[in-house]
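The sequence and the model are shown first.

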Amino acid sequence: MAAQNTSTKFSDNYELKEELGKGAFSIVRRCVQKSTGLEFAAKIINTKKLSPRDFQKLEREARICRKLQHPNIVRLHDSIQEESFHYLVFDLVTGGELFEDIVAREFYSEADASHCIQQILESVNHCHQNGVVHRDLKPENLLLASKAKGAAVKLADFGLAIEVQGDQPAWFGFAGTPGYLSPEVLKKEPYGKPVDIWACGVILYILLVGYPPFWDEDQHRLYAQIKAGAYDYPSPEWDTVTPEAKNLINSMLTVNPAKRITAAEALKHPWICQRERVASVVHRQETVDCLKKFNARRKLKGAILTTMLATRNFSSRSIVNKKGDGSQVKESTDSSTTIEEDDVKDAMHMGPDRSKTVIAREPEAAGSQSTNISEAVVQVPAKATGTPPATSLSDLMAHAAKEVKNVLPELKSTPKPQAEQNARLAVKNGNIPHPRKQEIVKVTEQLIEAINAGDFDAYTKICDPHMTSFEPESLGNLVEGMEFHKFYFDNVLGKNCKSINTTILNPHVHFLGDDAACIAYIRLTQFMDKSGMAHSQQSEETRVWHRRDGKWQSVHFHRSRSPSSPFTVVANK
């Protein structure tokens with residue numbers, strides 16, 4: 001079906017079904033084409049909220065999507081403009097992310113990785129043949145057509161894609177995702193199609209061992225690694241990978257873009273086109289284990305960013321820094337977060353317009369939140385609604401809390417290869433113990449000490465006055481402000497027991513830039529009731545911290561309880 005409509009009215013051609021996902025300016029719903037009965041994903045964009053710059057991006061992405069017709073690319077089938085809404089009709093992709101599917105498989109080998117990267121390269125080659133550079137190749141944009149075994153891998157999200165003329169490099173702006181950015185982009189040199197191949201090399205490395213070739217909590221050090229092409233193949237996990245696979249990675253992760261392998265050449269590499277003879281078919285369980293951890297970290301950081309962008313506490317001054325020349329740039333906060341040189345002015349006041357959190361990076365001038373249309377393939381189930389609404393704070397926070405709850409079990413243990421690599425990197429960079437992480441642990445301990453002592457004044461000095469929270473006592477509701485917590489300080493804490501001791505177990509600290517961090521931990525509480533009986537209990541907690549004027553403040557937390565919370569147990573004794 002051609003990417004054009006036969007009627008100016010969407011409802012004449014399609015019947016809307018349940019909601020699949022939503023953004024700040026849009027909603028994605030399943031739809032059925034009336035003439036054929038075929039199912040699609042309709043992204044409905046509220047055009048009243050778009051700036052002229054947004055419209056330009058919308059037109060660019062739609063134009064690019066229309067000319068890309070390939071079995072390994074999510075296809076745009078229709079585009080309908082009405083008075084208040086723009087409808088974009090995409091493939092209904094139901095298989096979820098490729099990386100999530102891999103960890104659910106009973107068997108995964110080097111040959112399977114070869115088949116995966118072959119499909120990715122086929123999609124990239126088609127883009128390049130049509131003068132398109134994707135610029136944001138990463139796991140989140142690699143989806144499966146369906147849940148059927150052997151379903152096709154599909155490349156999605158052309159929100160950062162650009163059109164190029166031939167193979168001549170040029171400067172198109174700083175765009176992409178930090179962990180997948182090429183050296184030439186980081187050096188702000190002219191670039192072109194080779195940036196996609198570099199990202200494919202990073203993806204292939206992860207497909208084979210479950211962790212990335214370039215990694216550091218500090219983004220400046222991460223960028224230094226990438227610009228130098230400083231990666232290796234550590235033992236023991238790489239000992240079982242064939243030389244041909246490493247050769248292909250080396251060809252993709254070549255610092256000089258002029259010498260980097262092309263997509264067409266990569267497809268002719270023996271490890272790809274002769275995988276039955278070359279690639280190993282031994283099951284790689286350690287790769288699967290590491291990939292589970294890698295996926296969990298991605299999901300947790302995405303949830304944290306959703307939380308921080310959704311709350312008004314994450315103010316513009318925390319994510320906008322002055323450059324020496326007086327211009328403003330939004331700093332990227334995560335190695336898996338998309339950044340783009342573009343306008344940020346309106347983005348300061350809007351929620352993210354993607355199911356996967358996106359931060360736009362804007363070096364100069366004023367503008368607005370970017371609107372990416374390929375997110376029509378999102379897999380977030382939800383109840384059906386009528387008119388496309390803006391995402392509410394509670395919706396975003398509930399989704400973030402769900403993500404945190406889902407990934408915490410994976411973060412409790414680190415598979416051996418990733419643990420060894422993390423230790424190597426930490427020693428090399430002098431990060432053991434990491435003083436910034438210690439700072440977050442310390443302020444968390446101070447907050448808990450204030451709770452144990454029933455000191456509300458001390459508690460309020462550490463918490464933002466508009467702090468949001470999910471906790472068992474709120475019965476699943478998002479609570480904002482301090483009044484809800486004050487009740488427990490006034491009536492429960494420090495009044496019904498003789499002493500309280502709290503231990504923080506297995507703390508995991510993740511930094512999101514210089515002024516934001518999240519800590520996930522198990523809180524083990526011991527206390528004596530009035531009759532002298534000793535009790536113990538634990539709860540899982542996640543806290544988001546934001547630094548203003550050099551002082552850390554808690555802006556959000558999520559707590560589960562097992563078997564019951566410290567608040568309620570102490571209250572009942």
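Asp 78 is buried, its relative accessible area being 3%. The model is a predicted one. Asp 78 belongs to strand 4, which covers residues 76–81. Its side chain forms a polar contact of 2.6 Å with the side chain of Tyr 14. The C-alpha atom of Asp 78 is 8.6 Å from that of Arg 66, a residue 12 positions away along the chain.

**The chain as a whole**

The protein chain contains 19 helices and 19 strands. Of its 573 residues, 59% are buried. When contacts between residues at least 6 apart in sequence are considered, 67% of them join residues at least 24 apart.

**Further buried residues**

With a relative accessible area of 16%, Asp 91 is buried because the value falls under 20%. The side chains of Asp 91 and His 77 are joined by a polar contact of 2.5 Å.

Thr 542 sits in strand 18, which comprises residues 534–548. This threonine is buried, at a relative accessible area of 4%. Thr 542 and Cys 518 are 24 residues apart along the chain, and their C-alpha atoms are separated by 7.0 Å.

Ser 280 occupies the loop between helix 11 (275–278) and helix 12 (285–310). Its relative accessibility of 18% places Ser 280 among the buried residues. Which residues does Ser 280 contact, leaving aside its neighbours within four places in sequence? They are Ser 109, Glu 110, Ala 111 and Thr 242. For Glu 110, which is 170 residues from Ser 280 along the chain, the C-alpha separation from Ser 280 is 5.3 Å.

The table collects the relative accessible areas of these residues.

| Residue | Relative accessible area | Class |
|---|---|---|
| Asp 78 | 3% | buried |
| Thr 542 | 4% | buried |
| Asp 91 | 16% | buried |
| Ser 280 | 18% | buried |

**Helix 6 and its partners**

Helix 6 spans residues 194–209, and its 16 residues reach 23 Å from the first C-alpha to the last, close to the 22 Å expected at 1.5 Å a residue. The helix is mostly covered, with 15 of its 16 residues buried. Gly 210 follows helix 6 and has a positive phi, near 90°.

Packed helices are described by the angle and the distance between their axes. The axes of helix 6 and helix 4 (residues 110–129) come within 10 Å and cross at roughly 165°. Helix 4 and helix 6 are therefore roughly antiparallel, since the angle is over 145 degrees. The crossing of helix 4 past helix 6 is right-handed. On the helix 4 side, the contact involves Glu 110, Ala 113, Cys 116, Ile 117, Ile 120, Leu 121, Val 124 and His 128. Helix 6 contributes Asp 196, Ile 197, Cys 200, Ile 203, Leu 204, Leu 207 and Leu 208 to this contact.

Helix 6 also packs against helix 8 (residues 243–252), their axes coming within 8 Å and crossing at roughly 150°. That angle makes helix 6 roughly antiparallel to helix 8. Helix 6 passes helix 8 in a left-handed crossing. Here the contact is made by Ile 197, Trp 198, Cys 200, Gly 201, Leu 204, Tyr 205 and Leu 208 of helix 6, together with Ala 245, Leu 248, Ile 249 and Met 252 of helix 8.

**Helix 2**

Helix 2 covers residues 52–67, and the 23 Å between its end C-alpha atoms agrees with the 22 Å that 16 residues should span at 1.5 Å a residue. Its buried residues include Asp 54, Lys 57, Leu 58, Arg 60, Glu 61, Ala 62, Ile 64 and Cys 65.

**Backbone geometry**

Most residues other than glycine have a negative phi, and most peptide bonds are trans. Asn 506, in strand 16 (residues 497–511), has a positive phi of about 50° although it is not a glycine. Asn 506 is partly exposed, with a relative accessible area of 46%. Asp 549 likewise is not a glycine, yet its phi is positive, at about 55°. Asp 549 lies in the loop between strand 18 and strand 19 (551–559), and its relative accessible area of 72% makes this residue exposed.

The peptide bond from Ser 235 to Pro 236 is cis, with omega near 0°. Pro 236 is part of the loop between helix 7 (219–228) and helix 8.

Key: Residues are numbered from 1 along each chain as its sequence is written. This is a predicted model: local features need pLDDT of at least 70, side-chain atom pairs count only at pLDDT 80 or more; totals for chains, interfaces and linings use all residues. Side-chain values use heavy atoms; hydrogens and water are left out. Helices (H or I, at least four residues) and strands (E, at least two) are DSSP runs, numbered from the N terminus. The expected span of a helix is 1.5 Å times one less than its number of residues. Buried means under 20% relative accessible area, exposed over 50%, partly exposed in between (1.4 Å probe, protein chains only). A polar contact is a pair of N or O atoms within 3.5 Å; within protein, one must be able to donate a hydrogen and the other to accept it, and residues adjacent in sequence count only if both atoms are side-chain atoms. Axes are lines fitted to C-alpha atoms, for helices over the stretch in contact, and angles run from 0 to 180 degrees between N-to-C directions. Angles under 35 degrees count as roughly parallel, over 145 as roughly antiparallel, 65 to 115 as roughly perpendicular and the rest as oblique. A crossing is left-handed if the near helix is turned anticlockwise from the far one by less than a right angle, and right-handed if clockwise. Contact means heavy atoms within 4.5 Å.
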